[in-house]
Structure formats: structure tokens, C-alpha cells
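Me: I would like to learn how to read strand pairing and pockets in a model. Please take me through the one below.

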Amino acid sequence: MSTLEIVTLPNPVLRQRTHKVADFGPDFQKLVDDMIETMRAASGVGLAAPQIGQSLRMAVVENLPDEDEEGNELPGTRQLFVIVNPEIFWKSRETVDGIEGCLSIPGYLGEVERYEAIRVRGQDRHGKKMRLKLEGWTARIFQHEIDHLEGVLFIDKLTAPENFWTEEAYRAQFEEEEE
Ligand code: ZN
């Protein structure tokens, strides 16, 4: 496995609609492994193929594990997803606002409204059909990654233009108030 270079704005590949994956052969399997390694190396929770310069309809997602009171990872709570040719076929009526960042827009955060729960259909890394029922933070990550496959970025969906900050400005404005 090897880590891949993550492309950032204004690279035009981030704005292109992606092609459906039809070939699940060895080259694709290597791409999936490399994307997982790249996501973990960047401490990301999701990575879509356009972010490594491949205009393909696939993404990897790894939700944050639950922790015990001492901050140790609880075994079995980290979940890795490889989703190929995904499509959201159901959305909850309820939506939630939350703060997002993106490995392709490093150093910035913004507030985005997402569906609280979604259902996704697509294929796994070997082409087998699958369906997922997702909620909360995992549903948010999936919506962010599936947007990437349409050339859509979180900065297109801010709850208001002013709800966009550098990481430093966000920390100065909000996190100190909590202490
Ligand atoms: Zn992103």
C-alpha cells in the first residue's frame, strides 16, 4: 500500500462529476487500499476518489470510534466503509447543522446543514450490491463524500456565508468560550 497525494482547491478534478466504477479488478483493489491508507495518514474520516485525482464514483469512510472515560478507543466501534457507485435513496425529514472540514480545503471549517439520517445503496469494493442505513455523524460524512462525487464541496452548502472560518479563527471564537 502507499499513500496518495491529496488534491486541493482549485484543482478542477474536484468540480467534475465522476464516472461509474465498472472494473473491480486488481488495479481498483489497490486504489481502494491506497485510499484507506491515505485517509488514515491524513487523520481524515472520509476520502472520495476525486480527492486523489481520480474521477471515479467511490469513497472510503471511517467513523470516529467511541472512547471510554480515559479516552481509550473502545474495541469494535471503529467502522470502515468502502462505498462504490453510491446513491442516497432515502433522507430523513429532520436535518442538523454541524461543523465540517475537508482534506481538499485544508485549514478551513464551515457550518453545513445535513439530513440526520439517510439510506444509501451502492456496491462494496468487490461489486456486490449493498444497502446502508446511517444516522448522525456517519450520515453526515457520507453526505459530504457523496457530494464530492457530484463535484460539490461543503463550501457550496454553508448555512450562511459568514459561517466559514479558518481553523484558528474558529478555535478563537468558539472553543475558548466553552472552557
Ligand atoms: Zn471533503
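Reply: Two strands count as paired if DSSP finds at least two bridges between them; strands (E, at least two residues) and helices (H or I, at least four) are DSSP runs numbered from the N terminus. Here β6 (residues 117–123) and β7 (residues 129–135) run antiparallel, joined by 7 bridges. This is a predicted model, where local features need pLDDT of at least 70, side-chain atom pairs count only at pLDDT 80 or more, and totals for chains, interfaces and linings use all residues. Residues are numbered from 1 along each chain as its sequence is written, and side-chain values use heavy atoms, without hydrogens and water.

Me: Which residue in β7 is the bridge partner of isoleucine 118?

Reply: Leucine 134. Between the two strands of this hairpin lie 5 residues, and glycine 127 has a positive phi near 95 degrees.

Me: Which strand pairs with β6 over 5 bridges?

Reply: Strand β3 (residues 80–91), in the antiparallel sense. Glutamate 87 is opposite arginine 121 of β6.

Me: Why is β6 described as largely enclosed?

Reply: Buried means under 20% relative accessible area, exposed over 50%, partly exposed in between (1.4 Å probe, protein chains only). In β6, 5 of the 7 residues are buried, so the rest of the structure largely encloses this strand.

Me: Which element gives the largest share of the lining of the largest pocket?

Reply: A pocket is an open set of points on a 1 Å grid over the protein atoms alone, with protein on both sides within 12 Å along at least five of seven lines; lining residues have an atom within 4 Å of a point. In this model α2 gives the largest share, 6 residues.
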